[in-house]
Amino acid sequence: MHIIWWLIVGLIAGWLTGKIMGGPGGFLMDIVIGLVGALAGGFLMGLLGFKPEGGLIYTIIVAVIGAVILTWIYRKVAHRA
């Protein structure tokens with residue numbers, strides 16, 4: 001059941017990131033960006049001292065923050081190459 005929640009969070013975070021950052025994405029890419037963003041966001045929030053105790057909304061917000069940061073970094077590196 002946990003994997004389904006991760007996919008739902010990834011989909012929501014990826015979709016929101018696509019709306020915030022714009023650009024083409026697609027269903028599968030949105031999920032991937034959302035899931036990776038959740039991992040990156042969770043790592044960054046842990047470094048900042050936040051505890052993962054906020055439920056689904058907190059998880060989605062953290063995933064979106066991570067996904068936005070990853071998308072921004074990816075675009076900067078991709079345009080440089």
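The model is predicted, so local features are reported only at pLDDT of at least 70 and side-chain atom pairs only at pLDDT 80 or more, whereas totals for chains, interfaces and linings use all residues. Residues are numbered from 1 along each chain as its sequence is written, and side-chain values use heavy atoms, with hydrogens and water left out.

The protein chain contains three helices and zero strands, where helices (H or I, at least four residues) and strands (E, at least two) are DSSP runs numbered from the N terminus. Along the sequence, the pattern is α-α-α. The radius of gyration is 12 Å, close to the 12 Å given by the globule rule for 81 residues, so the protein chain is as compact as a globular protein of that length. This radius is taken over C-alpha atoms, and the rule is 2.2 Å times the number of residues to the power 0.38. Along the principal axes, the C-alpha atoms fill a box of roughly 40 × 30 × 20 Å.

Of the 81 residues in the protein chain, 23% are buried; buried means under 20% relative accessible area, exposed over 50%, and partly exposed in between (1.4 Å probe, protein chains only). The protein chain exposes about 5,800 Å², of which carbon and sulfur atoms supply 77%; accessible areas come from the Shrake-Rupley method with a 1.4 Å probe, and for residues only the protein chains shown count as cover. Contact means heavy atoms within 4.5 Å. Among contacts between residues at least 6 apart in sequence, 74% join residues at least 24 apart.

Helix α1 comprises residues 2-21. Within α1, the residues Val9, Gly10, Ala13, Gly14 and Thr17 are buried. Viewed down the helix axis, the buried residues of α1 fall within an arc of 130°, so they line one face of the helix; the arc is that of the directions from the helix axis to the C-beta atoms. An α-helix has 3.6 residues a turn, so residues three or four places apart point the same way. The buried residues of α1 pack against α2 (27-47) and α3 (55-80).

The largest nonpolar core has six residues in all: Val9, Ala13, Ala38, Ile60, Ala63 and Val64. Such a core is a set of buried Ala, Val, Leu, Ile, Met, Phe, Trp, Tyr and Cys residues joined through side-chain atoms within 4.5 Å. In this core, the largest share, three residues, comes from α3. Leaving aside neighbours within four places in sequence, valine 9 is in contact with Leu56, Thr59, Ile60 and Ala63.

Threonine 17, also in α1, is buried, with a relative accessible area of 2%. Beyond its neighbours within four places in sequence, threonine 17 is in contact with Gly22, Ile33, Val64, Ala67, Val68 and Thr71. Lysine 19, by contrast, is exposed at 58% relative accessible area.

Just after α1, glycine 22 takes a positive phi of about 70°. Glycine 26 is found in the loop between α1 and α2 and counts as partly exposed at 40% relative accessibility. Glycine 26 and glycine 14 are 12 residues apart in sequence and 9.5 Å apart in space, C-alpha to C-alpha.
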